[in-house]
Amino acid sequence: MFSKSSKLFDQSKQLFPGGVNSPVRAFKAVNCDPVFIESAQGAYLHDVDNNEYIDYVGSWGPMIAGHTHPAIVQALYEAMQKGLSFGACHAGEIKLAQEVMKLMPSFETIRFVNSGTEACMSVIRLARAYTERPKILKFAGCYHGHADSFLVQGGSGIATLGLPDSPGVLPELASQTLTAEFNDLKGVADIFEQHKNQIAAIIVEPVVGNAGCLLPQKNFLAGLRQICNETHSLLIFDEVMTGFRVAKGGAQALFNVKPDLTTLGKILGGGLPIGAYGGRADIMKMIAPSGPVYQAGTLSGNPLGMASGYASLQLIQAQGFYEKLEQAGQFLEEGLKEAAYKARTHILVNRCGSMISMFFSNLPQINNYKEAKTSDTRQFANFFQNMLADGIYLPPSQFETWFFSSAHTEKDLNKTIKVAYQSFFRR
Ligand code: KE4
């Protein structure tokens, strides 16, 4: 079943820390060894032992139109004929920037980088420079990449591995990061009261994907906007995951709240390494070389990432693209709930479009990380293993979000629901 993967993992463990190049891929939280992927097409992955999986990771978000989409492959092929990287200005950067600005009007200017971490790290430096304030406020369970300032009560792999904070982050820096509970507007207001004129910015995943999926309660995001207006702090939406995922214009369009700055990644690159940050021009003009805030990158705006990103953003603008994803999401959500009910298994499903999480919990609602952490992670691990054995590839952590794509068919969703029903029974 997994013999070639096991052999490769033995090799990997000699080469990489934990055998992986990103912690969550090690499958540690689900008590099994990772499978090694050989290829991916549409909604499917194939591993080195020739097992096929319906994929609900989608490379952690980029593959909203399915893996190896012909339009993206073609765009890359054409771009490659002209060169792989110039380290110089080229028209492809303009093309992608203008597409982002069309879809997300809060972007008055933008800077491309090579990962979500780079985008979030840069935007915090900019916020501190612009406001001349030292502190940032994030939310427990949110993950904004692995820059030092964010490794405080982080989500994603930090939550998965139960790492409260990371060694190596200087206490004097960590102390500049304040943390509130997602959806707790009063808690945020209290923190601002305690740290008057100290907070440069709030950075938030407007729909949290790194604690499992958490939805903003009514007026939460608008409340953050108001607090930032009143305190002259900046509101930063980390839309690395939600950008072009929950709506064509991201969460800022879906919830109609305009951030001062936004970070992007994942879908923006169509599967190639990419990140971006941007927003108000009066703030962004502080970025070198127009201003004194330094940020740079060898492969920033590289022609391949620009080409695959542009192709990716064309695909999401197809007529009815998000309506179809919403229908599929409702189908999957109802199917999972019904399967769990019939199997007498308590689950709770949070979903925003094609971002969906299933918590093994008796709680009536899960609206923040504290509540998410009460989920039965052992039961999730068991469920994960059963689903994997029957060809369903889920994110290997209770504290991640499942993604599906426009390539997932009703047949794929039905199979997923059927296998979930069987998996609930197998303890
Ligand atoms: P990257 O540096 O991994 O490109 O982006 C960091 C990041 C920033 N902001 C949000 C909201 C994110 O979700 C991420 C990265 N997401 C994780 C998955 N939850 C990446 C997977 C991994 O770390 O291997």
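How do the residues of the shell around the ligand divide into nonpolar, polar and charged? In this predicted model, the shell holds five nonpolar, eight polar and four charged residues. Altogether 17 residues surround the ligand, and S22, T117, N210, D238 and E400 are the closest of them. The shell draws on two parts of the protein: domain 1 (3–68 + 320–425) and domain 2 (70–315) both contribute residues to it, so the ligand lies between the two domains.

The side chain of E400 places an N or O atom 2.7 Å from a nitrogen atom of the ligand. For the side chain of S156, the distance from an N or O atom to a ligand nitrogen is 3.4 Å. G116 takes part through its backbone, with an N or O atom 2.9 Å from an oxygen atom of the ligand. On its own the ligand has 540 Å² of accessible area, and the protein covers 87% of this.

Turning to the strands, an open sheet is built from four of them in the order β1-β2-β3-β13, with mixed pairing. The edges are taken by β1 (37–41) and β13 (392–393); each has a single partner strand, so one side of each is left without a neighbour in the sheet. In general, strands of a sheet pair through backbone hydrogen bonds, in either a parallel or an antiparallel sense. Here, β3 (residues 52–55) and β13 pair in the parallel sense, over two bridges. Within this pairing, I54 has I392 of β13 as its bridge partner.

Key. Residues are numbered from 1 along each chain as its sequence is written. This is a predicted model: local features need pLDDT of at least 70, side-chain atom pairs count only at pLDDT 80 or more; totals for chains, interfaces and linings use all residues. Side-chain values use heavy atoms; hydrogens and water are left out. A residue is near a molecule or strand if one of its heavy atoms lies within 4 Å of it. A polar contact is a pair of N or O atoms within 3.5 Å; within protein, one must be able to donate a hydrogen and the other to accept it, and residues adjacent in sequence count only if both atoms are side-chain atoms. Accessible areas come from the Shrake-Rupley method with a 1.4 Å probe; for residues, only the protein chains shown count as cover. Ala, Val, Leu, Ile, Met, Phe, Trp, Tyr, Cys and Pro count as nonpolar, Asp, Glu, Lys and Arg as charged, and the others, Gly among them, as polar. Domain bounds come from an automatic or database domain assignment. Two strands pair if DSSP finds at least two bridges between them. Helices (H or I, at least four residues) and strands (E, at least two) are DSSP runs, numbered from the N terminus.
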